[in-house]
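Hi,

Here is the structure I said I'd pass on. Have a look at it first, and then read on for what turned up.

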Amino acid sequence: MLKQYINFMKYKNISKRILEVPGVGVIKPDEVVEIPKGFNNANFEEVKKVEPPKVNAPVKEGVDISNNK
Amino acid sequence: MPELAEKSYLAIKAETTEGTAVIPTVHLPLESEDLVSQLNLTADRRMYGIDFESNDLSAGERTHQGSLKLWADPDTIGYILDMCMVKGATSGSAEAGYTHPFTPGNPQSYTIEVPRDNYAYRYFGVKGSELNLAFEEGKLKATINVMGTGHFSVASTKDALTGASSSTVVFTQDYDLEPTRGLVAGDKLIINPDDALEEEATISAIEADGVTVTLTGAVTNSQDAGVNVALKAQTASFGTLQKPLFFGDLLVGYATTAALAETAAASKTTSTPAQAVEFVYNNNMMNAPFSQQRDNSQLLPRMKQATLTIKKLFDNPEQHSAWLRIIKQAVSLITRGELIKTTATTTRNQVKITLHKAKLETNGNPLEIGEYIFDEQVFKAAYDTSDAKALTVEIVNETATY
């Protein structure tokens with residue numbers, strides 16, 4: 001099955017050991033790999049996407065922003 | 001779904017608090033396993049106005065025990081010994097190799113998991129009672145008879161779950177008053193396995209009531225009460241596996257003292273060729289019911305004992321005499337592995353087992369037509385008061401910690 005049709009997630013090897021995961025490969029400590037969702041291993045931590053912080057446009061004093069037409 | 005046993009493995013981790021489960025992080029290849037919970041069910045034989053044996057089965061005192069068989073490579077044997085003996089202070093370095101001594105005593109407990117397909121069978125408070133080290137197909141293999149103080153694999157929900165709303169699961173008490181014992185925050189559960197409504201959930205907390213787990217979020221699907229909730233098996237992740245230890249790399253040293261036996265076992269020229277060798281260590285673990293829980297809560301080693309079986313060519317009646325006269329001998333087994341990494345030129349992976357005061361229980365010299373005569377020996381390890389020990393068990397390998 002093509003990779004784009006499977007729900008892949010990023011996982012990081014949080015152990016201090018080089019680990020071999022059958023079907024995935026050899027993963028070094030701190031290395032991040034993409035593995036199908038549902039992977040369950042206490043030596044790995046899911047790397048969650050970090051949303052960029054929302055930046056509000058600066059509001060100028062004295063400008064009426066109540067009607068944004 | 002039918003699944004081959006080959007996809008299974010052994011996952012282990014030493015427990016911080018004895019009997020309190022942890023999530024295993026070390027995965028080891030397994031040759032066989034027959035660990036099982038003995039529920040000790042008995043027929044309810046109370047007189048009930050019926051003439052059939054009984055109308056129910058009733059739970060008894062539970063025990064959890066069975067055997068694990070692994071290849072005892074230089075790294076794996078450290079975990080095996082740590083489940084059966086007490087590890088002393090590790091010395092050495094990555095370049096020179098690490099030396100791990102083990103002595104008879106009360107071993108630390110482990111949580112272990114052996115999956116069946118996608119479902120984990122977890123045993124906790126596990127200790128080795130008997131260790132058998134023998135060579136099969138020319139490779140050193142270990143069979144450990146282990147016992148545990150509890151088990152979790154699957155439980156059943158007491159209440160219905162509401163999709164997008166329920167974030168706690170309450171289990172029934174059919175199996176135990178505290179059915180959540182053995183679960184750990186971070187465990188993944190499979191709710192209603194193999195059903196159209198199957199879904200996975202992760203535990204965020206085990207509640208103190210012993211029946212409730214809190215999930216990291218609300219479940220997606222609504223479920224009736226009474227659905228199974230299984231512990232999800234881990235995906236295996238193996239460290240770099242060492243080659244096995246081979247029978248051809250075993251050296252056996254005989255002498256009058258342990259030090260001399262180890263010297264004899266240190267080289268091919270001074271060691272004695274053996275055709276078969278088997279070492280058995282036994283903790284004689286007490287596995288009796290105690291109050292506080294339905295499982296056996298106290299796994300304690302009783303008197304420790306060890307035997308060594310050797311088959312070697314008969315040279316002269318020396319061993320026959322040692323048996324007749326109950327003479328003290330010392331026997332050392334050194335199984336050598338490859339050199340420690342490439343930087344080490346002298347230090348090898350190795351396993352050393354020395355009986356300080358070995359007394360021959362039997363020493364047969366059977367005769368068979370067409371066969372050479374052998375000394376077929378069974379040594380009993382006795383406590384050597386001069387060395388203040390019965391056994392030396394020591395491994396050298398590339399694993400820094402156990």
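A quick word on terms before the counts: helices here are DSSP runs of H or I with at least four residues, strands are runs of E with at least two, and both are numbered from the N terminus. Counted that way, chain B has three helices and 29 strands. Do keep in mind that this is a predicted model.

On the overall build, the C-alpha trace of chain B spans about 80 × 65 × 45 Å along its principal axes. Of the 402 residues in chain B, 41% are buried. Among contacts in chain B with a separation of 6 or more, 65% are between residues 24 or more positions apart.

Now for a sheet in chain B. Six strands make an open, antiparallel sheet, ordered E15-E20-E17-E18-E19-E16. E15 (154–156) and E16 (168–170) of chain B are the edge strands with a single partner each, so one side of each has no neighbour in the sheet. On average, neighbouring strands in this sheet are turned by 40° against each other, ignoring direction. Inside the sheet, E17 (residues 188–191) and E18 (residues 199–206) of chain B run antiparallel and are joined by four bridges. B:Lys188 sits opposite B:Thr202 in E18(B).

Last, the contact between the chains: 13 residues come from chain B and 13 residues from chain A. The chain B side consists of four nonpolar, six polar and three charged residues.

Cheers

Key. Residues are numbered from 1 along each chain as its sequence is written. Chains are lettered from A and ligands numbered from 1 in the order in which they are written. This is a predicted model: local features need pLDDT of at least 70, side-chain atom pairs count only at pLDDT 80 or more; totals for chains, interfaces and linings use all residues. Two strands pair if DSSP finds at least two bridges between them. Axes are lines fitted to C-alpha atoms, for helices over the stretch in contact, and angles run from 0 to 180 degrees between N-to-C directions. Two residues are in contact if their C-beta atoms, placed from the backbone, lie within 7 Å. Ala, Val, Leu, Ile, Met, Phe, Trp, Tyr, Cys and Pro count as nonpolar, Asp, Glu, Lys and Arg as charged, and the others, Gly among them, as polar. A residue is buried if 20 or more other C-beta atoms lie within 10 Å of its own, exposed if 12 or fewer, and partly exposed in between; C-beta atoms are placed from the backbone.
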